[in-house]
Amino acid sequence: MDIKVLRYFLALAKEESITAAAEYLHLTQPTLSRQLIELEEKLGVKLFIRGSRRITLTDEGMRLRKRAEEILELVQKTEAEFQAPAETIRGDIYIGGGETYAMGNIAEIIKDLQDHYPQIRFHIYSGNADDVTERIDKGLLDFGILIGTVNVSKYESLLLPVKDKWGVLMRKNSPLAERSSIRPEDLWHLPLISSKQKHVDNDISKWIKRDYEKLNVVATYNLIFNAALMVEKGIGYALCLDRLVNTMGDSDLCFIPLEPALEVEIAIVWKRYSFFSKAAELFLQRLKIAFGR
C-alpha cells in the first residue's frame with residue numbers, strides 16, 4: 001500500500017470534500033478521485049459515502065483512518081530517527097502512560113537529559129494501560145508507564161520507587177467527607193465513577209468484597225480530569241488514585257483513602273529487543289541508573 005495514497009485518503013477524510021482535499025494536496029480533482037477509487041478497489045471495500053454536500057467515511061473507512069494514522073506516525077518516527085546527525089544526540093522519545101503522580105520521577109530524568117542534550121524532544125501520550133501497551137507493540141511508543149496489576153511479563157521493565165494509593169474523590173459537603181478513610185461497605189450503595197480498565201475492576205472487586213457488576217457504577221472514565229468534573233456536579237463518587245486532582249484551597253473536592261489501604265506499583269516498560277535511537281538509548285540508561293538496574 002502506497003504511503004502517498006494513505007496521505008491522500010487522510011486529507012479527504014479531514015476535509016470531507018474532493019475540492020478542498022485536492023487544493024490542500026496541490027493535486028487536480030480527477031487525479032485525487034482516481035487514486036482513491038483505486039484504493040477502494042485494491043482493498044475491496046467502500047471507504048466513502050459521497051453526499052451532495054460532503055463526503056463521510058464508512059465503517060471500513062473509519063477503520064482505515066485509524067490504521068493509516070498509526071502507519072504514518074510510525075513512518076514519521078522512523079524517518080526522524082535516521083535523519084538525526086551521527087555526531088550529535090538528538091531526536092524524539094515517545095512515552096505513554098496513565099495518570100500518576102509518579103510521572104514526576106520521570107520528569108526529573110527528562111529535565112536532566114534536556115539540560116545536557118537540548119535537541120532531544122519528548123512526546124507524552126496519556127492513556128490507559130490497554131492503549132499504551134497497544135501503541136508500544138506497534139512501535140508508536142518507546143516507553144510506557146503502567147500502573148497496578150498489569151501483566152508486564154512480555155516487556156522489559158523497571159519498578160519506580162513509589163506507589164500510588166487508591167481512594168475516593170468526593171465533594172467536601174458529602175456525608176463521607178469527614179471520614180479519615182473509606183471502608184468497602186461505605187460504597188456498596190453509592191453512585192460510583194470508576195476507571196474503565198479491566199484490571200482496575202478486578203482490584204476494586206477484591207477490595208470492596210462485591211462483584212463489580214453489582215455495584216452502582218453510574219459512569220466510567222479514562223482520564224481523571226473529566227471524572228472530577230462529574231464529581232463536582234454531584235453525579236457520583238470517583239474511585240481514583242491520590243494526588244491527581246487539586247483538593248486544596250477553594251476546591252469543592254476532597255480525597256479520602258481506602259481502608260484497608262489499596263496501593264499499586266508503577267512500572268516503566270519497553271519492548272524487548274527494541275532497536276532504540278541514540279536518544280532513547282540514553283534515556284534508558286538514565287532510567288536504569290535512577291531506578292536500580
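Author: Let's begin with R65, which forms a salt bridge with E69, their closest N and O atoms lying 3.5 Å apart. A salt bridge here means a side-chain nitrogen of Lys or Arg within 4 Å of a carboxyl oxygen of Asp or Glu. This is a predicted model, where local features need pLDDT of at least 70 and side-chain atom pairs count only at pLDDT 80 or more, while totals for chains, interfaces and linings use all residues. Residues are numbered from 1 along each chain as its sequence is written, and side-chain values use heavy atoms, leaving out hydrogens and water.

Helices (H or I, at least four residues) and strands (E, at least two) are DSSP runs, numbered from the N terminus. R65 is partly exposed at 26% relative accessibility, and E69 is partly exposed at 41%. Buried means under 20% relative accessible area, exposed over 50%, and partly exposed in between (1.4 Å probe, protein chains only).

Now for K138, whose side chain meets that of E70 in a salt bridge (2.9 Å, N to O). This pair links distant parts of the chain, 68 residues apart: K138 is in the loop between α6 (129-137) and β5 (143-147), and E70 is in helix α4. E70 is buried, with a relative accessible area of 11%, whereas K138 is partly exposed at 27%. K138 also has a salt bridge with E134 (2.8 Å, N to O), and E134 is partly exposed at 33% relative accessibility.

Putting this together, K66, R67, E70, E134 and K138 are linked in a network of salt bridges. The count by this rule comes to 18 salt bridges.
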